[in-house]
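This report is written for a reader who meets the structure for the first time. It treats the packing of helices, then the nonpolar cores, and finally the sheet.

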Amino acid sequence: MDRDKIKALIALLDDPNDEVFSSVEHALLKEPVEIVPELEKAWEASLDGLFQSRVENIIHTIQLNDIHTELKNWLASPNKDLLYGAFLVCKYQYPEVSIIRLKEQLSELRKDIWLEMNEHLTSLEKIRIVNHVLFDIHKFSRNTSRYLAPENNYICEVLNTHKGNPLSVSVIYSILCRELGMPVYGVNLPKNFILAFIDETAINDNDQLADEAAVLFYINPINKGAVLGRKEIEYFVKQQKLQPKEEFFLPCDNVTIIKRMFNNLSFGYDSNGEEAKKEEIQKLLALFDE
């Protein structure tokens with residue numbers, strides 16, 4: 001990055017000539033996200049409303065382009081790490097979010113769970129410990145007062161407030177369990193999102209699920225980690241008047257989870273009347289269909 005060139009371009013952003021501004025804007029939008037601090041410094045140093053507005057729009061576009069590129073790379077990666085996918089979702093609303101900070105917060109929770117564990121526990125006993133730490137000690141719960149709010153889908157926000165929706169709480173729960181050696185995967189159940197504790201023999205050496213992965217039991221994190229059997233899921237599907245599908249009972253991949261997070265965001269911003277944000281999320285969602 002040529003800082004002198006960037007500073008020279010930024011200095012031209014208050015030019016009243018539309019052609020000059022358009023040319024400068026075009027040049028800046030080609031630059032990487034690393035130029036954002038220079039743009040922010042220029043914004044802080046200026047009292048010109050037009051200049052500040054132009055800088056804000058350029059910063060937002062650069063950051064959005066950066067998410068677009070990173071998400072595209074994540075979708076093309078072989079492992080598609082769940083935490084990193086959720087981190088990219090957070091970057092849409094919180095561009096300064098730190099993956100290191102997210103890992104630190106998760107590590108603190110993981111340590112609290114690990115201290116209660118021992119090698120003689122059954123799968124159900126391990127899950128009871130996870131539930132105790134997350135829901136009794138740290139008080140993770142559904143954000144009942146603002147259930148459709150977009151922030152419920154940003155795990156950086158959920159880790160701070162301990163309030164979220166079924167999907168975000170399930171993602172945090174699953175990441176912690178997996179890091180502790182428990183094979184807990186998401187289940188893309190409509191009108192809810194739950195987890196499945198998988199028979200470890202159904203997972204291959206690459207940590208990939210077999211096609212017919214055996215579910216030992218289900219977990220409903222938004223209901224304090226209640227343990228469920230297949231019959232309870234069948235009853236829920238019937239109660240919601242859904243056409244039963246096998247995918248409602250089997251683990252889904254991380255792409256499905258992150259796509260649902262973005263879909264939730266699109267719906268949340270639409271409910272708030274934030275049409276511009278909805279359209280931006282829709283453009284990111286289009287990457288999943290490429």
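In this predicted model, Leu167, Ser168 and Val171 of helix 9 meet Ile257, Arg260, Met261 and Asn264 of helix 11. Helix 9 spans residues 166-179, and its axis lies 10 Å from that of helix 11, at an angle of about 150°. Angles over 145 degrees count as roughly antiparallel, and helix 9 and helix 11 are therefore roughly antiparallel to each other. The crossing of helix 9 past helix 11 is left-handed.

Helix 11 has a further partner in helix 4, which covers residues 49-76. Here the residues that meet are Leu71, Trp74 and Leu75 from helix 4 and Asn254, Val255, Ile258 and Phe262 from helix 11. The angle between helix 4 and helix 11 is about 155°, and their axes are 11 Å apart. This pair is therefore also roughly antiparallel, and helix 4 passes helix 11 in a left-handed crossing. In general, two packed helices are described by the angle between their axes and the distance between the axes. The table sets out these values for both pairs.

| Helix pair | Angle | Distance between axes |
|---|---|---|
| Helix 9 (residues 166-179) and helix 11 | about 150° | 10 Å |
| Helix 4 (residues 49-76) and helix 11 (residues 254-271) | about 155° | 11 Å |

The largest nonpolar core holds 58 residues, and Tyr173 and Phe262 have the most contacts inside it. Leaving aside residues up to four places away in sequence, Phe262 touches Leu71, Val89, Ile281, Leu284, Leu285 and Phe288. Another core lies apart from this one; it has 16 residues, including Ile6, Ile35, Ile58 and Ile62.

The remaining part of this account concerns the sheet. Strands of a sheet pair through backbone hydrogen bonds, either parallel or antiparallel. In this model four strands form an open sheet in the order 3-4-5-6, with antiparallel pairing. Strand 3 and strand 6 (226-228) are the edge strands, each pairing on one side only. From one strand to the next, the twist averages 35°. Helix 7, made of residues 123-137, packs on the sheet and touches strand 3, strand 4, strand 5 and strand 6. The direction of helix 7 makes about 15° with that of strand 5.

Within the sheet, strand 4 (residues 194-198) is mostly covered, with five of its five residues buried. On one side these are Ile194, Ala196 and Ile198, and on the other Leu195 and Phe197, so that both faces of strand 4 are covered.

Strand 4 is joined to strand 3 (residues 184-187) by four bridges, and the two run antiparallel. Val184 has Phe197 of strand 4 as its bridge partner, while Gly186 is partnered by Leu195. Six residues lie between the strands in the hairpin of strand 3 and strand 4, where Lys191 takes a positive phi near 65°. Four bridges also join strand 4 to strand 5 (residues 215-220), again in an antiparallel arrangement. In strand 5, Ile219 is the bridge partner of Leu195.

Notes:
Residues are numbered from 1 along each chain as its sequence is written. This is a predicted model: local features need pLDDT of at least 70, side-chain atom pairs count only at pLDDT 80 or more; totals for chains, interfaces and linings use all residues. Side-chain values use heavy atoms; hydrogens and water are left out. Buried means under 20% relative accessible area, exposed over 50%, partly exposed in between (1.4 Å probe, protein chains only). Two strands pair if DSSP finds at least two bridges between them. Axes are lines fitted to C-alpha atoms, for helices over the stretch in contact, and angles run from 0 to 180 degrees between N-to-C directions. Contact means heavy atoms within 4.5 Å. A nonpolar core is a set of buried Ala, Val, Leu, Ile, Met, Phe, Trp, Tyr and Cys residues joined through side-chain atoms within 4.5 Å. Angles under 35 degrees count as roughly parallel, over 145 as roughly antiparallel, 65 to 115 as roughly perpendicular and the rest as oblique. A crossing is left-handed if the near helix is turned anticlockwise from the far one by less than a right angle, and right-handed if clockwise.
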